[in-house]
Amino acid sequence: MLHELLLALLGYTGDLIIDEREHQNSAATPLSGDAPISEECSFKLAPDISFIEPSERDLLEKIITLGFYYREIDRFASKARNLSWIRSANASPLERAAELSKSKTERPSVYRRAIANGIVEILSVYRSAVLLIEQKLLSETMPILATVTQGLNKFFVLFPPLYELVLEIERDDIRGGQLLNLLHKRCHCGMPELQACIQRLLWHGHQVMYNQLASWMVYGILQDQHGEFFIRRQEDRDTEQCSSHSDVSEKLARLSTDYTSVTDWHLGFHIFLDMLPEYIHMRIGESILFAGKAVRVLRNPSSAFRFQDQLITRSSQKIQGVTGRFSIQKEPLLDMKLIGEELLPQSDADKIEAMLQGLKEPSEFHKRSFECAVDSIRAIAASHLWQLVVVRANLNGHLKALKDYFLLEKGDFFQCFLEESRQLMRLPPRQSTAEADLMVPFQLAAIKTISEEDKYFSRVSLRMPSFGITVKSPHVDLLKAKAYADGTSGAALSSGNSDISLDGWDGIALEYSVDWPLQLFFTQEVLSKYCKVFQYLLRLKRTQMELEKSWASVMHQDHTYFAKHRNDRINYSKSQQRRQTCRPMWRVREHMAFLIRNLQFYIQVDVIETQWNILQAHIQESHDFTELVGFHQEYLSALISQSFLDLGSVSRILDGIMKLCIQFCWAIENQESSENTPELEHITEEFNKKSNSLYTILRSTRLAGSQRAPFLRRFLLRLNFNSFFELVDLALSHPWWLASAFHWGCTSLFMSNDNTLADYGRRYGS
């Protein structure tokens with residue numbers, strides 16, 4: 001009976017102590033290793049035993065539950081430590097199919113295996129305790145039940161919670177970070193023995209996590225065959241199981257294709273929240289994600305980087321065959337000698353590995369130490385990435401180039417381009433040749449204003465998004481440009497009809513070619529924001545130029561007509577009458593020019609230059625790549641918000657005003673008689689409505705508490721520095737006030753005997 005009790009404590013039943021679960025089977029065969037864990041204790045004393053007292057029976061029933069717990073916990077550990085899925089890779093097709101069918105119900109888990117190793121340690125202590133009890137009972141005459149109870153007393157505290165733990169793990173299929181989270185919660189209990197036991201299991205689970213962190217943050221390799229790590233590939237977002245191939249083999253396969261590390265940076269990996277333990281803050285998870293991606297970029301410079309010199313040489317030879325003046329010069333983005341140099345020094349990699357190794361040693365998880373180590377590793381990775389992007393890739397030079405071309409810093413170039421394309425833009429764009437037509441004035445402007453030392457202009461491309469063709473900008477067909485300058489292409493430009501509206505040219509956009517590693521910084525989202533600001537500024541500059549050109553053109557016509565007919569009294573009087581008729585229109589044009597000039601000055605000086613200086617200060621102070629990305633995002637957001645591009649009520653009015661200004665200029669230049677007068681009056685009326693609406697919004701008290709209030713007030717100050725709009729608003733709302741003011745002004749002039757009444761009338765009359 002003694003030995004049968006001891007065997008039952010190790011999970012082996014017999015005639016005295018039986019397993020009811022086995023006896024329910026007709027064949028009474030032992031349970032297989034793949035059978036699920038029983039949810040109720042099935043170890044019982046045989047019902048036909050009558051020589052045991054009831055009190056002893058109750059005590060035996062309590063003792064043998066330890067054997068049941070031991071067997072179920074041991075079965076869980078054996079299944080979790082089963083490595084047959086590794087052997088299945090070299091097995092025959094039939095055996096592999098059988099293993100795969102099993103894996104559908106039992107997925108491998110390295111975290112469960114680690115926890116199982118900790119459970120085996122606890123079970124080995126239990127077996128040693130049973131062996132010690134056996135030795136005591138065989139060597140001395142001692143009460144059996146009292147000795148067993150005393151020897152296994154602490155396991156009555158440990159085994160029931162452990163059994164519930166493994167039962168929950170198997171029933172709910174808890175794996176990976178979820179398993180760590182469960183163990184971390186179970187650590188908070190009032191029993192020191194149980195707490196020490198669960199902490200030991202958690203320590204084993206953390207060893208797996210630290211190994212995955214070391215692989216990710218030291219080598220940039222994601223070792224997660226079973227989808228248990230909280231860092232995952234982007235293509236696995238909607239699936240629960242990752243690819244069975246290792247990240248190493250996948251990396252080697254991708255390096256043989258046109259794959260770059262930039263794709264991994266933006267789209268390759270993400271944080272899988274279901275596997276992120278609750279005691280690891282989201283900020284720490286993002287730092288781990290960033291550090292691994294940064295190390296991955298630094299250790300894999302991408303094929304585009306390695307073949308950069310070959311691509312530049314090939315493109316240079318191609319364009320040199322077209323033109324002799326503009327040729328792409330090799331930009332010293334990155335010294336090609338760096339191909340053989342490690343962007344992440346081995347000393348820093350060893351430092352990262354030492355930090356993670358230091359986290360593995362303590363028996364308890366210290367959250368503060370873990371977060372400090374992750375922050376330090378992230379700082380190392382961010383510093384080297386900053387060195388690569390900012391220093392070696394000359395980030396500031398590219399930022400200046402984007403400011404020059406996308407923010408119209410090179411005003412002479414765009415002034416020349418708009419002047420050369422002015423006649424073209426008065427015609428609707430043609431679907432088939434819109435970009436090609438624009439390329440001629442674009443290239444001609446480049447010849448006149450862009451020097452050969454400008455190494456960034458080669459990266460700028462002109463395109464019309466609605467037409468779908470992209471034409472490279474930097475190099476010019478001189479014969480075509482000269483023909484355009486001589487006016488020989490005017491017929492070709494004016495031929496053909498199109499249903500596209502005159503505003504089709506508002507779709508003009510720029511593209512900027514970015515090489516590795518600057519693609520980490522200049523994402524498509526960033527470049528699209530630059531393009532949005534560029535389109536707005538180009539429309540604004542085009543409007544301002546049209547207002548100036550229309551004034552110059554009409555004044556030239558007027559002076560020519562006056563000089564031709566100044567000795568002819570009849571035509572001279574007609575000329576004077578014509579001037580009097582056009583004078584109100586010129587006041588409207590001046591109001592338009594005043595608003596557009598101030599808006600342009602506000603954006604270029606108060607917004608762009610101010611924010612640029614702030615960005616430059618941040619670049620000088622920061623040595624962290626992520627901080628720099630954040631500063632640049634703030635820079636772009638400030639450009640958009642302070643230019644009111646995201647404030648619909650203001651941007652719609654400004655767009656409408658710019659369209660009215662261009663329509664006004666075209667109508668005034670084409671005015672040969674009084675036929676256009678109703679159209680001009682309609683444009684004037686609409687302009688007055690929109691400008692008054694703009695002023696009303698700018699001084700509205702509803703926006704006083706808005707974040708944009710200071711910028712709206714600054715723009716309003718430029719428009720209304722002399723209270724002009726307030727006087728206009730008062731005059732429109734109270735016409736009697738305007739009449740009284742005019743009467744008072746005239747009376748004062750008469751009483752002062754001043755001879756400036758004619759002057760006053762010329763300035764403010766009519």
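Predicted model: local features only at pLDDT ≥ 70, side-chain atom pairs only at ≥ 80, totals over all residues.
Residues are numbered from 1 along each chain as its sequence is written, and side-chain values use heavy atoms, leaving out hydrogens and water.

User: How many helices and strands are there in the protein?
Analyst: Both are DSSP runs numbered from the N terminus: helices are H or I with at least four residues, strands are E with at least two. On that basis the protein has 31 helices and seven strands.

User: What share of the residues is buried?
Analyst: Buried means under 20% relative accessible area, exposed means over 50%, and partly exposed lies in between (1.4 Å probe, protein chains only). The protein has 766 residues, and the buried share is 48%.

User: How many salt bridges does the structure hold?
Analyst: A salt bridge is counted when a side-chain nitrogen of Lys or Arg is within 4 Å of a carboxyl oxygen of Asp or Glu. Arg 71, Glu 72 and Arg 75 are linked in a network of such bridges. The number held by the structure is 22.

User: Which helix holds both Lys 400 and Asp 404?
Analyst: Lys 400 and Asp 404 form a salt bridge, with the closest N and O atoms 2.7 Å apart. Lys 400 is partly exposed at 33% relative accessible area, whereas Asp 404 is buried at 9%. The two are four residues apart, about one turn, in helix α18 (residues 395–405).

User: Is Arg 459 buried or exposed?
Analyst: The side chain of Arg 459 meets that of Asp 515 in a salt bridge, 3.1 Å from N to O. This pair links distant parts of the chain, 56 residues apart: Arg 459 is in the loop between α20 (434–449) and β5 (460–463), and Asp 515 is in the loop between β7 (509–512) and α23 (524–565). Asp 515 is partly exposed at 24% relative accessible area. For Arg 459 the value is 7%, which means buried.

User: Which strands do Arg 463 and Glu 511 lie in?
Analyst: Their side chains meet in a salt bridge, 3.0 Å from N to O. Arg 463 is partly exposed at 23% relative accessibility, and Glu 511 is partly exposed at 30%. The pair ties together parts 48 residues apart in sequence, because Arg 463 lies in strand β5 and Glu 511 in strand β7.
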